[in-house]
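Hello,

Here is the structure we talked about handing over. Please look through the sequence and the model first, then read the notes below.

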Amino acid sequence: MTNFDFLKDFNNDLFEIGVKLESDVLNSPRAVTADATLFLETLVGDIYRRSGKKITENLISFYKKIDNLYRQGAISYIFKNKLQDAYNLRNKIHSKQNIEDEERLAYDLHQRLYYISKKYFSDFADKQIPVPDYVKPSKEDISFENCIICGCENSHSNSNMCDDCNQKINNVNILLSIKNTFKDSDFTKNDLIKYGFSESETMALLIDLSKENVIQKKGNSYHINDDRFNAMFDEADQYIEMALLLTKFYSNEITPKEIKNTLEYWKGGIKQKNYMEFYRLVNLKLEKSFEENLLKIEDIKKSMLNSSMDDLNIRDWFKNRKESFIHGELNDAFILYNELLIKQYFSLKKRNFDDAKITSELNISPDVLEFWRSNFMSEEFLKKTSEIKKFIIINEIKKNKTLREVFKNVGISENEFNRLYMASKNAGDEFHKDFDKHYTLKRQKVFIKHLKNENLNKAIKISKITRDDFFSWYYLGEVGHDDFYIKTTEILMERYLECRRQGISKKDILKYLSIPKSMVKSWLNRDDLDLFVDFENKNEEITKNLIKRGKIINALRDDKSKTDAISSAELTVKEFLEIYNRSKFQKTDFHVRFDREYAENRKRLFVKLLKNHDFYNAIRLSEISQRQFNEWYIKDQDSFIATSNSTEFYLNTTKLLMEKYIEERKNGKNRPDAAKSVGLSNSIIDRWLRHIEYDLYWQFKKRIDNLEKELVIQGFLDMKSKNEVSEIYDIPLKTIDEFLTLGKNGFVGFEKLKNLYEHEVVPKLLSVFLEDIKTKTFNKSLKNSRMNQMELNYYYMLGKSGNMNFKWFYDAFLAIKIDKYVKSVLSKKSHKIALKNSRLSIDEFKSNQEFIEDTVFAKRVEIVADEIDRFRSTGTKLAKSIGVDVSDMYEWYFKARRGEHKYREFGLIFEIGVIIPRVIIFNHARVNGMPKNLINKKLKKDLGSEEYQIWKKHGLLDLIDINPSKAITADEITQDEIADILGGSDLMINTFKNEDMDEFGFLKKAFKANQGISIVPISMSK
């Protein structure tokens, strides 16, 4: 619990700083300076955030920050003064005062910050909770004779650090305060004096910090070296942390296990400077706890567990206590520790543990045993040890173990055993008798058992005897033909003959069986026993058979056929098969050697035939199957790729097949068919091309690349597209694109290919595209051109950028896109849909917008003219036919009447086709006495409500003065007649002024088309 716990859920950062500050009040008063600075800066920064007030860049000092808050109404005047007083108080701790004054100021500042944070919480917390009263921090008085950091003698009674270590912390706190105050700005000597230091203190501080290279002088200013400052800050932080940890550990606030898991303890364990004294003090308390536990419960493992002592701690403790013991200092726990271990020692000895195993089991070093013998063991102990050793020796021999194993397990030397053995003989006890009874006969039985399946050396090793033991027993038994000699000889003879049947050389047999040559020679020179005579006869028979086998193998190596090889050994095929099958049955190596040599014989023949025959004839003539060839070839290829070691067969065959494959590709076969023609799969060819780290495959790949380049050029000469070249010659499109890229980048040998493609092939493909795009969809046109969209766009953009080779394509395709856009718009499609249908980009549309809009308008005028020419129309119907609002159409008409040239033609057409006929009818009806309201009603029905309102709004019935008394009945009318009828039309007058005969012709047609409109008022309805 701390005084700042109420801040935990409100401002956790401030809470954590407060916890550290309260700890430093107790353990490192000077550290409170930095804590307080950070606490106040964090609190003021949060007030800015919670109050929504802005802080400007010029508010560098703490005073200016809080003054700004007060002036903006975020804090009261009293609270501002409390913040300033606390900030000023922290400066006083910088001064070199005595320890008592530092502690007093630290406690005072701690209390002030508590009340400041309480006021801050009350003003800004949404959810108020009771805040406990202030409790002055206190700690148990724990002190150490030496400085807990460096281990030097410490003269301070109220600090666990020496002057030097305390000064390092003080310097860091001063620097931190300076850094927080001036941020990254430089500072001068006068700035520090204003900050609260005396002039003498300032000079001394600047000199000390300059020597430490923490500050660097620039003119009259100083700048903090951040790297050196950070290093000093981390070091001081570690000092404070170690002081806190030791205080908590010695106060039992943290467990031994927790403190041993700290980084500080680990660093002390590896003897890192400034951590060794910490490590020693922790271990001192651990050792004390261990000794108390051991004396209490008399159990080493439990005592170690209770005190968290590990094996390393125990070894250090033992070493220190042993030295004290030798010099006369008796420690009850140390004596008890040794007595308990000695008791365990004898218990393990009775279980046949040697000293090495005992020391491992007890986790002690061998010198501990010597220490015991010198200080704890008597003559009676040594006698008891000897009896245990003799007992164990006999038990080990009964387990069929060798003397060496016995010596090792018992933990004695051969000399020590000999002393025990002779002492037993002299004393007449049973030890030497039992040893003689249980050793030799048992070893011989075990040896014969293992010799049936192992060579001599292995049998000796498994039987746990020496070669000297074996040969001593063997040659002694040779004289009397004892059972061990006969059985051993029979086993070795049979295994020797079996090896000869397998074709193994005599030298290798001796090595394999691990027997000397003299032993076999002695068998052949004796005939006093049947087993020697039988051995000699079998040996001679095997020799004859081996000679015949050798002739067959040698003939195959000389490239003879199988029949010739068998004949060279003076054998019939039947006799050969008997030898061959017997070898298989008996599992000798002749059939293996024959198969291997025959395979090599066939391989050499195949390579020879392949030079002048195709693959399949070479297979047939060499009398092998393609399956056999595949097995040989794939195995050699895998080995070559894995180890880069090539067999002669693989190297020669591959070179020949590569030549034949390239020839097949030149003749127009695709890759799978070319591979099949040379007896390979396409995957093997691909494998060659993947492993170009080998020169064999690299040379092949270069030839393939050149071949494919020539094939591509040939395809382009034939005016084939990339897709067609890829399909015809089975060359990946990716490869063709790579060739073209190399040509574009100026690589020698590829420029011709690139120029051929772009100057001859591409223009042809683009022309096909342009022709198709006029009537077909984009995707269909693109497919027919055998190009992809990326490539089409590439050449389109080249033409757009001014490349004369493709500008024609850009212009043509852009014109087509504009045309499609115009048609889409005229088909009443939206601008967005029209862009999509025409594939016209937004930028292209904007660049050609005026032309496009003029074209659309002209087309609409044509449609309107056509509609008026063929049908009786209203403005609404005409607007619908060209996909615009009727209001837009009348706007065009009014623009024409205002004299805008662009709309003049449309206005004339619209007036003749829509306006004038209705005005004539209206005037006629009016002359004939029809009421105006009835005429308007008929007109509204004719035009529709929206269009009628436009007529009414703009007074179109009164706008043009048309003479209704003129009737048009003849098929032909003259220009004067039209002028007489339309005398009130400004557009018409202007037309006749220009004497435009095309427009005059249109007017005649328009009047003819409208002759069917009755001027009788009652007939105005549709």
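**Loops and backbone**

Glutamate 623 is exposed, with a relative accessibility of 59%. The residue sits in the loop between helix H32 (615-621) and helix H33 (626-643). Most residues other than glycine have a negative phi. Please keep in mind that this is a predicted model.

Asparagine 363 also has a phi near 60 degrees, again positive and again not a glycine. Asparagine 363 belongs to the loop between H16 and H17. With 34% relative accessibility, asparagine 363 is partly exposed.

Serine 365 is in the loop that runs between helix H16 (355-362) and helix H17 (366-375). Serine 365 is partly exposed, at 32% relative accessibility. From serine 365 to arginine 315 the sequence separation is 50 residues, while their C-alpha atoms are 9.0 Å apart.

**Overall make-up**

The protein chain holds 55 helices and three strands. Of its 1022 residues, 45% are buried. The accessible surface of the chain is about 55600 Å², and carbon and sulfur atoms account for 50% of that. Take the contacts between residues at least 6 apart in sequence: 57% of them join residues at least 24 apart.

**Nonpolar cores and a surface patch**

In soluble globular proteins, nonpolar side chains tend to be buried together. Here the largest nonpolar core has 79 residues. Which of its members touch the most other members? They are Phe606, Phe629, Leu680, Trp688, Tyr697, Phe716 and Phe813.

Take tyrosine 697 as a closer look. Leaving out residues up to four places away in sequence, tyrosine 697 touches Gln637, Phe640, Ile641, Tyr650, Met658, Trp688, His691 and Ile692. Another core lies apart from the largest one and has 71 residues, among them Leu175, Ile314, Tyr337 and Leu348.

There is also a nonpolar patch on the surface, formed by Tyr70, Tyr77 and Ile78. Together these residues have about 320 Å² of accessible area. Tyrosine 70 is placed in helix H3 (residues 62-71). Tyrosine 70 is partly exposed, at 32% relative accessibility.

**Salt bridges**

Side chains of opposite charge can pair when their charged atoms come close. The search of the whole structure gave 39 salt bridges.

Aspartate 67 is buried, at 12%.

Aspartate 367 and lysine 322 form a salt bridge too, at 3.9 Å from N to O. Aspartate 367 is in helix H17 and lysine 322 in helix H14 (residues 311-326), so this pair ties together parts that are 45 residues apart in sequence. Aspartate 367 is partly exposed, with a relative accessible area of 41%. Lysine 322 is buried, at 16%.

Lysine 807 pairs with aspartate 811 in a salt bridge, and the closest N and O atoms are 3.1 Å apart. Both residues lie in helix H43 (residues 807-826), four residues apart, about one turn of the helix. Lysine 807 is partly exposed, with a relative accessible area of 32%. Aspartate 811 is partly exposed as well, at 36%. Elsewhere, salt bridges that share partners link Lys20, Asp24 and Asp35 into one network.

**Cysteines**

How many disulfides does the whole structure have? The search finds zero. Cysteine 147 shows why: the closest cysteine sulfur, in cysteine 150, is 3.7 Å from its own sulfur, too far for a bond. A disulfide needs the two sulfur atoms within 2.5 Å. Cysteine 162 is in no disulfide either; the nearest cysteine sulfur belongs to cysteine 165, 3.6 Å away. Cysteine 147 is buried, with 0% relative accessibility. Cysteine 162 is buried too, with a relative accessible area of 8%.

Best regards

Methods
Residues numbered from 1 in each chain as written. Predicted model: local features only at pLDDT ≥ 70, side-chain atom pairs only at ≥ 80, totals over all residues. Heavy atoms only, no water. Buried < 20%, exposed > 50% of the residue type's maximum accessible area, 1.4 Å probe, protein only. Patch = residues over 30% accessible without salt bridge, like charges linked within 9 Å, V, L, I, M, F, W, Y side chains within 5 Å. Areas by Shrake-Rupley, 256 points an atom, 1.4 Å probe, with all protein chains shown as cover. Salt bridge = Lys/Arg side-chain N within 4 Å of Asp/Glu carboxyl O. Helix = DSSP H or I, 4+ residues; strand = E, 2+ residues; numbered from the N terminus. Core = buried A, V, L, I, M, F, W, Y, C linked by side-chain atoms within 4.5 Å. Contact = heavy atoms within 4.5 Å.
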